Amino acid sequence: MSPVTLSAPRQVGKPQPALPGGYAGQLLRVDLTKRKAWAEPWTPDEMRELIGGAGLGAMILYRETAKGKGNVSWDHPDNRLVLGTGPLAGLPVWGTGGLTVVTIGALTNGPTSTQANGFFGTNLKYCGYDAIIVQGQAKDWVYLYIDDDRIEIRDAKSYLGKDTWETQDALSRDLGLTGHQLSVYSIGPAGEHLVRFAAIQGDYGHVASKNGVGAVMGKKKLKAVAIVKGTKALRAADPRGLIQCADDIAHDLKTDPSARSLYEYGTLPGVVNLSKMGALPIRNYTTSLTGDVDMKSWEAPRLREGFDHRGHQCNACGMHHCHMSVIRQGPYKGKIVDEPEYEGWSGAGWTIGATDQSAVAWLNTQTDRACVDVNEFGWVIGWVMEGLEKGWLTKQQVGFDLKWGDVAGADRLLQMINRREGFGDLLAEGVKRASEKLGGEAAKAAIYTGKGASPRGHDHRARWEEMLDTATSSTATMETGNPVHQTELGLPARINPFDGVEVAKLVAGCRGRRAFEDSLGICIFTTRTRLENICRALSAATGWYYTVAEAMRFGRRTAAINRATALRCGLTPNLEVPSFRYGSTPHDGPAAGQAVSAQWEKMVDTWYKEVGYDRKGGKPLPQTLKDLGLDWLSKELWGKKA
Amino acid sequence: MPRRHLIIGGGTAGMNAMRTIREEEREPSEITLVSAEKPYSRMVLPYYLDRSIAEQHVFTTSAALLAQWKVKTHVGRRAAALDTKANVCTLDDGSKVEYDDCLIATGSSAVRAPVPGADGANVHSFWTLDECRGVIASVTPGSHVVMIGAGFISFTILNSILALGAKLTIVEVAPRILPRMIDDAGAEVIEEWLRAHGVTIRTNVKVTKIEDARGKKRVKFASGGDLVCDVVIMATGIKTNLEWLKDSGVRMNRGIIVDDHLRSNVPNVYAAGDVAEGRDLVSGQPALHAIEPTAQEHGRVVGANMAGKDVAYKGSLIINIVEVCHLDAASFGAWDDAKADTVVGAKRDRSAYRKYLFTGDRLTGAIIIGRSGDVWTTNDVGMLKGLVQTGVRLGRFKDYLKAHPFDVKTAYIASGTAGTLLPETVLGRPAKAPGETPVAV
Amino acid sequence: MKVLKITPERCTGCLRCEIACSYVQVGAFQPAKSVIRVSPFEGHTSYAPYTCTQCAEGWCMTACPVGAITINAAGAKDVLDDRCVGCKLCTIACPYGTVFYDASTRKAFKCNLCGGDPACVHACPTAAIEYEEVATRDWLHDFAAERASHVLATNGGRR
């Protein structure tokens with residue numbers, strides 16, 4: 001394989017304006033069809049407009065994936081895979097190794113913005129790049145090697161078939177680099193076999209999981225991106241201010257009652273907390289009761305102490321989150337696993353009826369290694385288990401029997417999905433397509449949204465704001481999320497969670513925050529401080545004066561651009577409904593009887609009104625676009641009449 | 001305790017000896033220094049050559065400091081004879097210095113290949129300050145320099161010659177470069193790197209003659225293919241300065257044979273640095289190490305012993321490092337031991353190369369090549385030195401190191417090397433900072 | 001003398017110490033210029049920072065041919081930039097691997113304890129690095145030996 005030489009940044013006639021601080025200053029463009037890679041400069045104006053990560057990616061998708069009046073599909077060579085980071089990555093603010101993957105994903109065939117952490121952003125920026133934009137498709141399997149100015153598209157044959165951890169082990173060994181000297185983000189067998197919910201995993205346990213981004217990478221025959229820790233310098237406009245702000249954020253995360261448990265235990269407390277609200281998804285939504293399980297053993301301290309656990313933090317992070325665990329007992333004794341996030345405990349655990357903590361921890365890591373989205377994995381496996389129990393699936397169909405909580409069996413199915421063997425081939429399409437194919441009872445039991453997104457690992461029948469967010473989203477996962485201090489945005493601190501109008505107003509009111517955070521190169525958990533603090537950090541890094549108002553406006557701009565791309569992909573408002581099971585009414589547990597379906601239309605109507613989008617066609621209204629400073633988009637969406 | 005110390009040679013060994021005497025002594029003593037040149041550091045000359053430092057910077061002491069140390073000086077004089085019965089040293093001007101004990105640290109000089117024209121105009125050696133000045137006067141931007149010899153000395157000035165804007169050709173009689181510092185495979189990595197950086201290298205060529213050619217020099221080879229150039233630098237080796245000791249009764253092999261206190265067969269005569277055949281740390285056998293760190297350690301050990309302390313020397317480790325065009329190459333200990341259990345690691349795309357030589361489960365020699373900017377290279381350079389220096393037993397981490405030649409740190413730390421090193425000092429006490437040396441008692 | 005006391009069990013490998021250190025070294029965030037370095041043990045589950053022990057012998061200091069390495073008020077061996085010529089002898093003399101060389105400035109650089117207020121200590125979110133009046137020792141040995149054995153035990157040193 002011949003190395004690809006990196007061309008020098010384009011020379012512009014007039015002197016370049018000074019870069020804002022925090023930025024590496026270049027985008028790395030990789031064309032796999034042409035086997036070429038080159039650095040593209042981007043301007044300070046573009047940086048202020050698009051920031052990075054989600055914002056930059058949204059614009060690239062909108063600009064570069066149009067095809068006639070529609071859009072290229074996820075498996076088209078012209079699809080873009082943007083692996084972006086942002087201005088805070090690599091800096092001393094906690095949790096700043098950020099990766100945001102933006103692409104047309106395989107599950108919804110529409111846009112995605114999904115993030116992970118680790119050291120991607122750190123290593124990439126120290127090499128001199130703010131994002132990687134991958135286009136085209138390689139003829140043979142390759143991996144991308146980045147070492148400062150040396151960029152090579154290398155043969156990846158010897159890594160094929162390896163899971164994500166094995167891939168990183170092998171690359172570290174072959175390149176002679178240990179630990180965080182090398183950051184590797186790769187796909188596992190699932191991505192290689194175009195499993196529609198395949199994910200991208202990096203640095204042992206950090207997964208950009210949504211919308212089959214791993215399948216997109218697989219279609220491009222890009223096995224991995226290996227980034228040597230670069231040697232270049234990052235400068236902050238106000239380094240002292242930045243360090244001060246980083247310390248303030250750290251203080252807030254450590255001491256604020258709403259963030260403290262996250263600081264101490266990451267997302268582990270979610271299991272017990274959500275179970276109390278009826279939002280822990282149990283056995284494919286067939287119940288909301290934890291039964292005879294000792295929930296005390298699921299409290300965060302005990303959950304963690306059950307393992308020999310070790311810190312495995314992302315760049316500059318002090319959260320006691322992201323741990324490695326060594327399993328102490330049982331059949332998986334001695335195995336090193338990634339301490340599951342709440343989502344892992346739910347997707348590889350409760351959703352499929354598994355409550356043996358060691359086994360769940362092991363299975364969760366199996367999904368990371370394979371590498372699929374653990375949420376969709378849960379919805380798929382739970383659906384199969386329910387089907388076998390109820391008889392609308394048979395042992396013959398599946399190939400073997402699988403009972404609730406059978407972790408080894410779930411792994412067996414995972415490996416079949418991974419390689420699209422037997423029944424695994426159908427399941428690899430995701431639960432929406434699989435259930436639609438089978439029809440009948442099977443169709444009624446599957447959990448998904450009309451657009452095809454996998455809900456997060458909650459029982460959203462008790463969390464309507466997340467159901468609404470997931471269903472209306474243009475990015476195949478929760479597009480908004482709610483902030484820690486929603487009062488900061490002039491929103492009420494508490495609402496009635498089962499009042500559709502209040503829910504819709506809250507979701508609409510928070511809109512934009514997630515896109516802003518995902519553009520910075522920072523973790524979604526270390527941003528659980530006041531938005532004002534994040535804006536301060538951004539200002540200190542870049543030298544801009546960035547306000548909360550600008551942040552929200554930026555986020556809404558990004559959401560509007562994603563919406564435009566999603567519509568081009570055919571993701572229209574008529575698809576903004578939960579599946580039958582997803583939108584059903586819990587019959588037991590704390591949220592029993594709360595019927596989201598009864599309020600769905602009203603909730604969506606209110607949301608559309610609040611966000612200023614056209615309820616029928618789904619487009620952001622001309623006035624909304626004008627307010628966001630998106631006159632150009634208005635012209636493109638509405639034509640001259642706007 | 002001896003009251004009159006004579007130090008012959010003002011290089012690294014001599015300077016360190018004098019300083020250590022002043023640090024260690026409890027009673028006043030006299031020190032006399034005989035030095036052919038005003039003391040300077042040879043290590044620093046390449047940086048003077050490319051003008052990154054001023055000439056003043058090369059000197060390791062001053063008249064004022066020597067006066068503060070109460071050192072009587074005979075600078076510009078050479079020792080001509082040593083009468084070890086009478087304890088008298090005769091200098092080249094006929095004057096005599098009496099002593100109670102003395103240190104021979106007369107170092108080495110450059111030798112030129114015996115070819116016709118080797119002593120002609122614009123043919124230089126590069127060893128002393130004077131020779132350095134000669135090269136400075138003749139190399140100008142754009143001039144073509146032919147360096148004869150691809151050994152350590154040439155490589156220390158290679159960067160400087162290039163920095164001066166000269167075009168450089170290196171010729172070597174051996175089949176490859178750095179024959180006494182790096183193995184074949186390592187030499188190949190460096191050669192490749194140098195060629196990529198515009199240095200012409202011709203190996204396996206024997207110079208037969210150097211002629212004048214209309215204001216230029218013509219270097220002729222046995223195999224033909226003459227080179228015409230502006231300047232010739234002969235870096236064809238060094239020899240120890242020991243002829244003057246012929247009739248002294250001091251026992252010599254290739255150098256002066258010394259015991260573990262660096263004493264010669266004459267109990268009040270010590271030797272240090274290039275001229276001393278002291279103990280080699282790895283082999284335990286006497287060896288001649290013409291390197292700076294050995295001179296420094298020798299000097300300090302002798303100084304302490306002259307001041308009445310009883311310091312036994314564990315032995316010196318061969319260590320060499322050279323940087324060429326931002327590529328580092330270093331070797332340690334018995335790097336060419338054919339009997340050793342050997343492992344090699346290479347990353348060609350990063351010009352990185354490692355070779356580790358084990359005896360049992362101890363690391364007894366190593367070669368490391370890597371880019372200077374690569375901090376992990378520097379990290380590993382030191383750790384490999386530590387492993388060879390301590391000779392810690394690697395146990396199961398030997399296999400680890402063999403399997404992961406680029407992960408030195410795990411083996412180094414897990415085998416407790418740092419802990420072994422912490423109590424270790426050359427003089428049995430913490431070293432003093434330069435400038436901390438007290439004035440004479 | 002106060003020393004950097006390392007408690008490897010507390011290190012999570014976040015590398016914040018490297019970022020802070022580089023800021024003191026070069027005024028920018030550039031871990032390549034950091035003099036404290038975090039290394040992995042046992043694959044990717046165990047990390048520990050490693051830096052100069054300010055050893056008694058001061059191999060770097062005694063090796064320097066131009067007296068460019070001295071002892072500062074904090075007791076740390078410190079490189080004097082105006083004396084250092086960049087000959088690298090200290091990098092090879094230091095048996096701990098904790099003296100570095102900056103190709104861009106042609107100077108050696110190493111931990112000088114930030115003159116008595118080490119930035120890495122402030123930066124570490126888990127107090128894995130502390131600055132205390134204790135006798136220095138080999139802080140990492142036991143930890144590394146134990147953690148690395150897992151790698152050896154499971155696959156004979158071959159990952």
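Reply: In this predicted model, domain 1 of chain A brings 22 residues into contact with 14 residues of domain 3 of chain A. On the side of domain 1 of chain A that touches domain 3 of chain A, at least two residues each come from helix 2 (53-64), strand 4 (70-71) and strand 7 (111-116) of chain A. Helix 2 of chain A gives the most to that side, with six residues. Sorted by class, the side of domain 1 of chain A that touches domain 3 of chain A holds 10 nonpolar, 11 polar and one charged residues.

Helix 12 (residues 357-370) and helix 15 (residues 407-418) of chain A have axes that come within 10 Å and cross at roughly 5 degrees. Angles under 35 degrees count as roughly parallel, and helix 12 of chain A is therefore roughly parallel to helix 15 of chain A. From helix 12 of chain A, the contact is made by Ala359(A), Val360(A), Leu363(A), Gln366(A), Thr367(A) and Ala370(A). Helix 15 of chain A contributes Val407(A), Ala410(A), Asp411(A), Leu414(A) and Asn418(A). By class, the residues of this contact between helix 12 and helix 15 of chain A are seven nonpolar, three polar and one charged.

As a whole, chain A has 26 helices and 17 strands. Along the principal axes, its C-alpha atoms fill a box of roughly 70 × 55 × 50 Å. Buried residues account for 63% of the 642 residues of chain A. Of the contacts in chain A with a separation of 6 or more, 72% are between residues 24 or more positions apart.

Chain B can be described in the same terms. Its secondary structure consists of 11 helices and 26 strands, and its C-alpha trace spans about 65 × 60 × 35 Å along the principal axes. For 441 residues, a compact globule would have a radius of gyration near 22 Å, and the 23 Å of chain B agrees with this. Of the 441 residues in chain B, 52% are buried. Among contacts in chain B between residues at least 6 apart in sequence, 65% link residues at least 24 apart.

Contacts between chains remain to be considered. Chain B places six residues in its contact with chain A, and chain A places four there. The side of chain B that touches chain A has two nonpolar, two polar and two charged residues. The contact of chain B with chain C takes 48 residues from chain B and 47 residues from chain C. Elements giving two or more residues to the side of chain B that touches chain C include helix 7 (292-306), strand 22 (319-324) and helix 8 (375-390) of chain B. Helix 8 of chain B supplies the largest share of that side, 10 residues. By class, the side of chain B that touches chain C divides into 23 nonpolar, 17 polar and eight charged residues.

Methods
Residues are numbered from 1 along each chain as its sequence is written. Chains are lettered from A and ligands numbered from 1 in the order in which they are written. This is a predicted model: local features need pLDDT of at least 70, side-chain atom pairs count only at pLDDT 80 or more; totals for chains, interfaces and linings use all residues. Two residues are in contact if their C-beta atoms, placed from the backbone, lie within 7 Å. Helices (H or I, at least four residues) and strands (E, at least two) are DSSP runs, numbered from the N terminus. Ala, Val, Leu, Ile, Met, Phe, Trp, Tyr, Cys and Pro count as nonpolar, Asp, Glu, Lys and Arg as charged, and the others, Gly among them, as polar. The radius of gyration is taken over C-alpha atoms; the globule rule is 2.2 Å times the number of residues to the power 0.38. A residue is buried if 20 or more other C-beta atoms lie within 10 Å of its own, exposed if 12 or fewer, and partly exposed in between; C-beta atoms are placed from the backbone. Axes are lines fitted to C-alpha atoms, for helices over the stretch in contact, and angles run from 0 to 180 degrees between N-to-C directions. Angles under 35 degrees count as roughly parallel, over 145 as roughly antiparallel, 65 to 115 as roughly perpendicular and the rest as oblique.
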